[in-house]
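Let's take a walk through this one together.

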Amino acid sequence: MGSSSINVASKFLKFAALAVFCAFSVLIANHYYYIDSYAKKLSSELDMTVFISKNCPDDAKVCGEIGAFGFVAVDKYVSSQEAYFKAVEKNPFLKDISVPGDAGAFQSYVKVVPTKLPTDDYLVAARNAVAKVPDVSEVVFDPSRFKEYVQARDTLSFYQTFGLVFIIAVFVFFVVQSSLFIAAKEENARKLVTNFFAYLVAASAGFAGVWGTSVFLQYPLLIDQFAAFFLIPLTAALGIILKD
């Protein structure tokens, strides 16, 4: 009786541990998707503003020379008149105090975007190269945005590498463990399926717990359905590996 109670308690603890592991994995995966979403948002804000000299005779030539280096790609060209109208749109009072010729006082500029992952060395090289182009008067950008983006991409890369290694390891050990278990006794195949199903239930409970809590707290889960439900059989496979 005592041995039976210990076995039941051991099974219950194992199921509880798998449920907690699955819940924790969902939260980790959700954090990955949060960073991925943040990185995509940052990527749309990564640009440099290259101001062209007022006396430049050929803006198109300058744009071509900027893109010829390969560091950046020209995303948008804004003429001096467009720059003036944009300034008036943001500051309507300029229209009341402007005089003829003010439109020509504004510099035309180009919005350029990086063509590679913008590391610190890359940014310095890109800025120096663009600044040397004749008739480029100034290169302006926010380095903090680029730094945040690089950090986000590095974090995603770490998650991807660790996740891939972990998944491969679980798959290999699962196959080996299952093969040895069935080879030891033919009837073990049915037991293996039964245990796997039980571990699926435990993992599903962990996932349901996280999902229910997020709904109750109105906390958005960014993890997609495929990734979420992939974690359930992965946790079940881990349960098979960690046999009693």
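In what order do the 4 strands sit in the open sheet? Reading across, you get β2-β3-β1-β4, with antiparallel pairing. That puts β2 (72-78) and β4 (136-140) at the edges, each with a single partner strand, so one side of each has no neighbour in the sheet. Ignoring direction, neighbouring strands are turned by 25° against each other on average. For a closer look, pick strand β1 (residues 48-52): it pairs with β4 in the antiparallel sense over 4 bridges, and Thr49 has Val140 in β4 as its bridge partner.

Before going further, keep in mind that this is a predicted model. The protein's pLDDT averages 83, and 88% of the residues score at least 70. Confidence is highest in helix α6 (residues 143-184), at a mean of 90, and lowest in helix α4 (residues 93-97), at 52.

Now for the helices on the sheet. Helix α2 (residues 59-68) lies across β1, β2, β3 (109-114) and β4, and runs at about 160° to β2. Helix α5 (residues 120-131) also lies across β1, β2, β3 and β4, running at about 160° to β4.

Next, the rings. There are 13 aromatic pairs. In one of them, Phe15 and Tyr199 have ring centres 5.7 Å apart and planes at 65°; over 60° counts as edge-to-face, so that's what this pair is. Phe15 belongs to helix α1 (residues 2-43) and Tyr199 to helix α7 (residues 188-217), so the pair ties together parts 184 residues apart in sequence. Tyr199 is buried at 4% relative accessible area, while Phe15 is partly exposed at 28%. Elsewhere, Phe21, Tyr32, Tyr33, Phe158, Tyr159, Phe162 and Phe166 make up one aromatic cluster.

Key:
Residues are numbered from 1 along each chain as its sequence is written. This is a predicted model: local features need pLDDT of at least 70, side-chain atom pairs count only at pLDDT 80 or more; totals for chains, interfaces and linings use all residues. Side-chain values use heavy atoms; hydrogens and water are left out. pLDDT is the predictor's confidence in each residue, from 0 to 100. Helices (H or I, at least four residues) and strands (E, at least two) are DSSP runs, numbered from the N terminus. Rings of Phe, Tyr and Trp (its six-membered ring) pair if their centres lie within 6.5 Å; planes under 30 degrees apart count as stacked, over 60 as edge-to-face and the rest as tilted. Buried means under 20% relative accessible area, exposed over 50%, partly exposed in between (1.4 Å probe, protein chains only). Two strands pair if DSSP finds at least two bridges between them. Axes are lines fitted to C-alpha atoms, for helices over the stretch in contact, and angles run from 0 to 180 degrees between N-to-C directions. Contact means heavy atoms within 4.5 Å.
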